[in-house]
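Q: I am new to this structure and would like to learn how to read it step by step. Could you take me through it slowly, giving the general idea before each case?

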Amino acid sequence: MTLITWLSQRGRESEQLQLFFKTFKMSVTLDLKLKRANKVYHEGEVLAGVVVITSKEAVQHQGISLTMEGLVNLQLSSKSVGVFEAFYNSVKPIQLISSNIEVSKPGKVPGGKTEIPFEFPLQAKGNKILYETYHGVFVNIQYTLRCDMRRPLLAKDLSKTCEFMLHCQPQKSKVQPSPVDFTITPETLQNVKERSSLPKFLIRGHLDATNCVITQPLTGELVVESSEVAIKSIELQLVRVETCGCAEGYARDATEIQNIQIAEGDVCHGLPIPIYMVFPRLFTCPTLETTNFKVEFEVNVVIVLHDDHLITENFPLKLCRV
């Protein structure tokens, strides 16, 4: 082999290597865009959008696919671990919906911005129910859409995931508000060890509804009629009560969602204090009860006295969507 031939071959190999590394380093972005800006859908509707591929030059790929999935993930709190050992073996993530489509067969995507439309029908399989999206501590109901672009050898595969929200169908029957009046005195308190040591106080109030529409605020009123000890703070605490379990038994855990201070300092006696709380999206859902799990909600009216006595009145709530 002559020197000229050898150099010529090396030159061609060098060009091929440069072309390969140029392709390998080429910046490609993959994105998912849904038609609805708020990403909220209902069962029976169509989830529609576009896959967006942006690249300066043409991109070689081994196929582009879309996967839609709805899962319920359950887990036990640390205090319950070991008590229900069978829980981990019997309760796997519950699949509510799953669908896969091929968006593009292996080939090339031209340089620039390419948009590929897609549609998924939101229909549960068999007798499954599509529960509303909910992000809890021990119960998590989530719906996701994932796009995968498989790339040639040595080029990294691309993946993009986005979450969309599913709202359950509004109930047809009219909601009965079920208002409740309450009076808090040392005598009405439960779980008190030394009742005689408690200071004297009288607090009255009412909640306009305990059967609540999730899109409307929780409202009411509270009045401090009298108190021997100065009040430091009055708060509203929204609590989620999640129950997970199997045949062995159930673990029930209450955790705080949000805490709103409605009064600070020693409030005027006889002055009505408004109660107003908006139910946060994602962290609340219509009250839910199934075979493997339950999601319930409660609200606590918490009065903190200056001597650090904590007075709590609990009200179970039923949330629904209309």
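Q: Among the contacts in the chain with a separation of 6 or more, what share is accounted for by residues 24 or more positions apart?

A: A contact means heavy atoms within 4.5 Å. Residues 24 or more positions apart account for 72% of the contacts in question. Please keep in mind that this is a predicted model, in which local features need pLDDT of at least 70 and side-chain atom pairs count only at pLDDT 80 or more, while totals for chains, interfaces and linings use all residues. Residues are numbered from 1 along each chain as its sequence is written, and side-chain values use heavy atoms, with hydrogens and water left out.

Q: How many helices and strands are there in the chain?

A: Helices (H or I, at least four residues) and strands (E, at least two) are DSSP runs, numbered from the N terminus. Here the chain has 2 helices and 21 strands.

Q: Which strands form the open sheet of 4 strands, and in what order?

A: Two strands pair if DSSP finds at least two bridges between them. In this open sheet the order is 12-13-15-18, with antiparallel pairing. Strand 12 (180-184) and strand 18 (272-277) each have a single partner strand, so one side of each is left without a neighbour in the sheet. Between strand 13 and strand 15 (residues 218-227) there are 7 bridges, and F201 stands opposite S227 in strand 15.

Q: Where does T210 lie, and is T210 buried or exposed?

A: Buried means under 20% relative accessible area, exposed over 50%, and partly exposed in between, with a 1.4 Å probe and protein chains only. T210 lies in the loop between strand 13 (201-207) and strand 14 (211-213), and T210 counts as buried because its relative accessibility is 14%. Leaving aside neighbours within four places in sequence, the residues in contact with T210 are P177, S178, V180, P316, L317 and K318. A polar atom of the T210 side chain lies 2.8 Å from the backbone oxygen of S178.

Q: Which residues touch the most other members of the largest nonpolar core?

A: A nonpolar core is a set of buried Ala, Val, Leu, Ile, Met, Phe, Trp, Tyr and Cys residues joined through side-chain atoms within 4.5 Å. The largest one has 78 residues, and I141, L145 and I234 touch the most other members. Strand 20 (residues 293-305) gives this core its largest share, 7 residues. Not counting residues up to four places away in sequence, L145 touches several residues, including L32, F118 and F164.

Definitions and conventions. Polar contact = N/O pair within 3.5 Å; in protein donor to acceptor, adjacent residues only side chain to side chain.
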